[in-house]
Amino acid sequence: MRTDINKISEQSPYMDLTEGLHMYAAATSKDFKTGEWRTNTPVFEADKCKQCLLCVPVCPDSSIPVKDCKRADFDYDHCKGCGICAKACPFGAITMREGQ
Amino acid sequence: MSNQTLEIRWHGRGGQGAKTAALLLADVAWKTGAHVQGFPEYGPERMGAPITAYNRISKEEIRVHSNIYTPDLVVVVDETLLESVNVTGGLREDGAIIVNTAKSKDEIIPLLKGYKGAVYVVDARKISVETLGKYFPNSPMLAAAVAVSQVMPEADFITEMQASYQHKFAKKPEVIEGNMLALTKTFDSLREDLKGAKALVEM
Amino acid sequence: MAIRDRMSGNEAVAYAIKQINPDVMPAFPITPSTEIPQMVSTYIANGECDTEFIPVESEHSSMSATIGAEAAGARSLTATSSCGLALMWEELLVAASNRMPCALALVNRTLSGPININCDHTDGMGARDTGWIQIYAENNQEAYDNFIQAYPIAEDKRVHLPIMICQDGFITSHAVENIELLEDEKVQNFVGTYQPEEYLLNPGKPMAVGPYSVSNYAMEARKNQELAMEASKEVIIEVAKKYKELTGRGFELFEEYKTEDADYIMVIIGSAAGTAKQAVDDLRAQGKKVGVIKLRVFRPFPAAELATALKNCKAVAIMDRCESYNGNGGPLGSEIMAGLYRDRVFIEAVNYIYGLAGRDFTVNHVYDIFSELEDSVVNGNKIEQFKYIGLRE
């Protein structure tokens, strides 16, 4: 990573910003913990889940990790708690809880 | 404009090649080492609409980028323009006008709104049909402009045009001879009239 | 040895492009710049250069594709005129703010309406605040020379900004004039190969171009862009000096023609500068102390340099080939006058609007303007602060 986004903040003076605000780096969104914005939290109930994976493609934040064709628990570092997955689940395996 | 610059105005109709003739003249004059300008006055006009093109030719660098208002020479590629366009407007009395027509000089002079300078006529249709089998007024009128202005010696002009046609018509060499003949025939047709005439502008 | 030739302004720019052999040229035809992409595609078809030509469906796309190609790491350019430039408007700012050193061959033409295809500077002046460097040409030679200098300026590390090389539509673009060309090798050595440090198609070194910026970043980004434009001035001068060493030709920010002892100076842009210089020679022969400043670089604007160049004259005529519709004159008039005031140069200054939509500008107009300036200074006759020249009244 050639641009360390941790060294650039909303307080940086203009001299410290990159030319054209280019990011000389990739996948920097991994370091941006949007999970902090969550006001409602999805809860995964594994025993109700049939592994149909309908929840996975509808997640706007790619916060449902899939391994060997099976979903795992949420990536709470990036889940913003929008609740779309809960609506998409036909088996009631995702419920929304108030708060973080 | 300095009097060492020959200024020419061409009047034609869109599609007749007046612009091309002006650009060809710039080209051939450039080859003799002159500074040149060849440019059309552009508009959205299409085939058949009156168009104007210009040449400046000088031994010095040409910096003026305006149209020409007091030309030394006017070339009228289509005689029907004599009615609709003021072709002699601003034309210098010590200059000349060339009209492409089958009419005689005496028939043309009354149509020139009292212009008192030298008048030349060239039957470009006849020359073109005889030499090329079709009506292309371009080559005869270009030759006439060189003959009347005397901007370069006839022999130099012929040599340069030979080379230029060889390049331009590399893929249809059969038309080169006809075009060359059109040039020399035009010079021949004007020879009598030009006896004793001087170059329009001494450079 | 310089190669002597004769070419139209469009041919000259197309020839420069062929010699530079840039990587990508997306373009859409529009009068009077159409011949440039047409000729470049012919060069490509004949194998004389290997630029990737992208035929696009609009100028919005040609500028977008130019930016995309440049970001990918390709030396890119396009050409346009008039409404074509207007349709690029959004992308012009994107190119500049993303610091893309791409080039644009602008053949100046007015904008509607009334609808008209002829020359004035409405298009270029309309884009004056988009963050592009703008360089204007008097003749075909300068259009060629300026284009060869485009990439060495734009790609300089201190700059990284897009550059617009402008010439007057029809007046130079379609006029055949004498020209001196450089050998291909000299052009290629002068321009060099493009080696961007960072670009999108660079395996193992990913980057992002054009990220969204919240307010906390955007103003700082603009400041950096503005500083690059300021820095481009010295780069333009350096490149012009280097080019002059190579060819013996050219000017830096502007040309000062017989201004040293001049009482009256005309500041003018583009092909009309040649006409003005001829008129100055004619008037000098009559003993009039007159001169011309031909502005080459409009962006960055050399305000202080112009104020210094004008400080010893009695009056200046500032010539705008563009109407600003602000009741206050044209863009060149406004900017020079602001510069004069800032540097406390209090001379008589009159802003003239000329040559709109192809209206011819002649040596007689120049005589009239100088005579009016002289009358104002000598006899105290007031001149309107901005006025049209060559208008039927």
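# A tour of chains A, B and C

Start with chain A, which is divided into domain 1 (1-31) and domain 2 (33-100), the bounds coming from an automatic or database domain assignment. Taken over C-alpha atoms, the centres of domain 1 of chain A and domain 2 of chain A are separated by 30 Å.

The model is predicted: local features need pLDDT of at least 70 and side-chain atom pairs count only at pLDDT 80 or more, while totals for chains, interfaces and linings use all residues. Residues are numbered from 1 along each chain as its sequence is written, and chains are lettered from A and ligands numbered from 1 in the order in which they are written.

**Chain B, two helices.** Select helix α1 (residues 18-31) and helix α6 (residues 154-168) of chain B; helices are DSSP runs of H or I, at least four residues, and strands are runs of E, at least two, numbered from the N terminus. α1(B) and α6(B) pack at an angle of about 115°, with their axes 10 Å apart. Axes are lines fitted to C-alpha atoms, for helices over the stretch in contact, and angles run from 0 to 180 degrees between N-to-C directions. Now show the side chains: B:Asp27, B:Val28 and B:Lys31 in α1(B) meet B:Phe157, B:Glu160, B:Met161 and B:Ser164 in α6(B). Contact requires C-beta atoms, placed from the backbone, within 7 Å. By class, these residues are three nonpolar, one polar and three charged (nonpolar: Ala, Val, Leu, Ile, Met, Phe, Trp, Tyr, Cys and Pro; charged: Asp, Glu, Lys and Arg; polar: the others, Gly among them).

**Chain C, the sheet.** Next select the open sheet of five strands, in the order β4-β5-β7-β6-β12 (chain C), with mixed pairing. Strands pair if DSSP finds at least two bridges between them. At the edges are β4 (77-80) and β12 (297-299) of chain C, each pairing on one side only. From one strand to the next the twist averages 20°. Strand β6 (residues 133-136) of chain C pairs with β12(C) in the antiparallel sense over two bridges; C:Ile135 has C:Val297 as its bridge partner there.

**Chain C against chain A.** Here 17 residues of chain C are in contact with eleven residues of chain A. Helix α9 (residues 215-247) of chain C gives the largest share of the chain C side, six residues.

**Chain C against chain B.** Finish where 20 residues of chain C are in contact with 17 residues of chain B. α10(C) gives the most to the chain C side, with five residues. Strand β2 (residues 35-41) of chain B runs antiparallel to β8(C), joined by two bridges; select B:Gln37 and its bridge partner, C:Glu177.

Methods:
Two residues are in contact if their C-beta atoms, placed from the backbone, lie within 7 Å.
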